[in-house]
Amino acid sequence: MLPQNSGRTPFDRASDELLANLLTAKGCTVLSLAMNACLERGLLSIPMANALEDFSFLAETVVAAQVAARQYGLRASVLLAIARLRSGFDPLDFARDHGYAVSFSSSAHDRMQAIEQSFIEEARHLAKTRSLRPSMQVADDPSAYFKKLCELGWCDPADLLDLPSLAEDFKCADGLGTV
């Protein structure tokens, strides 16, 4: 317990509350609100905020991406890069984009199932769609894979600016690099 006159101000207490909300945030809306307030007060640096957002995103998606990648011969980092680019930091947006109407108030089990099924559907589409099959020849190299997908009309060439670097950021999910 802190001494009565510890020099803590109401601002300190409010900052503690913001950080507590950030660390216990459940859902991107709460996380974003707490993160913005912490950034404004100088409690977090931008790189630290980005790292926390990436951690939150990965906590909900990495296993789903690994499951889908194993089933369809892709890299988990590739699937994570796609989900990250399409959904920002909210994996539930990725699930909703794949037809799973789940809300943050849904049970954790339901959220995890919806996220996993959306990754499986994305991987199946990439691996099994006839027009995209030639990309599977280079599926082991994320940069070459994304380039081939764009050549095949799957994405906008502007996406090539972000997708390979996102896949590089998530390569630890492939189990090939060091964590």
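**Exercise 1. The pocket lining**

Sort the lining of the second largest pocket by class.

*Solution.* Step 1: the lining has 6 nonpolar, 2 polar and 4 charged residues. Ala, Val, Leu, Ile, Met, Phe, Trp, Tyr, Cys and Pro count as nonpolar, Asp, Glu, Lys and Arg as charged, and the others, Gly among them, as polar.

Step 1: the lining of this pocket has 12 residues, and Ala69, Leu74, Arg75, Ala76 and Asp174 lie nearest the pocket centre. A pocket is an open set of points on a 1 Å grid over the protein atoms alone, where a 1.4 Å probe fits, with protein on both sides within 12 Å along at least five of seven lines; lining residues have an atom within 4 Å of a point.

Step 2: helix H3 (residues 46-72) gives the largest share of the lining, 3 residues.

Step 3: the volume of the second largest pocket is about 160 Å³.

The model is predicted: local features need pLDDT of at least 70, side-chain atom pairs count only at pLDDT 80 or more, and totals for chains, interfaces and linings use all residues. Residues are numbered from 1 along each chain as its sequence is written, and side-chain values use heavy atoms, with hydrogens and water left out.

**Exercise 2. Confidence**

Find where in the chain confidence is lowest and where it is highest.

*Solution.* Step 1: take the chain as a whole. Its mean pLDDT (the predictor's confidence in each residue, from 0 to 100) is 83, and 80% of the residues reach 70 or more.

Step 1: compare helices. Helix H1 (residues 10-23) is lowest, with a mean of 63, while helix H7 (residues 142-151) is highest, at 96.

Step 2: check the start of the chain. Over residues 1-6, pLDDT stays under 50, and the model has 1 contact there beyond four places in sequence. A contact means heavy atoms within 4.5 Å. Where pLDDT is low, the predicted coordinates should not be read in detail.

**Exercise 3. The fold in numbers**

How many helices and strands does the chain have?

*Solution.* Step 1: count the elements. There are 8 helices and 0 strands. Helices (H or I, at least four residues) and strands (E, at least two) are DSSP runs, numbered from the N terminus.

Step 1: turn to burial. The chain has 179 residues, and 37% of them count as buried. Buried means under 20% relative accessible area, exposed over 50%, partly exposed in between (1.4 Å probe, protein chains only).

How values were computed:
Points joined across faces, edges and corners; volume = space filled by probe spheres on them.
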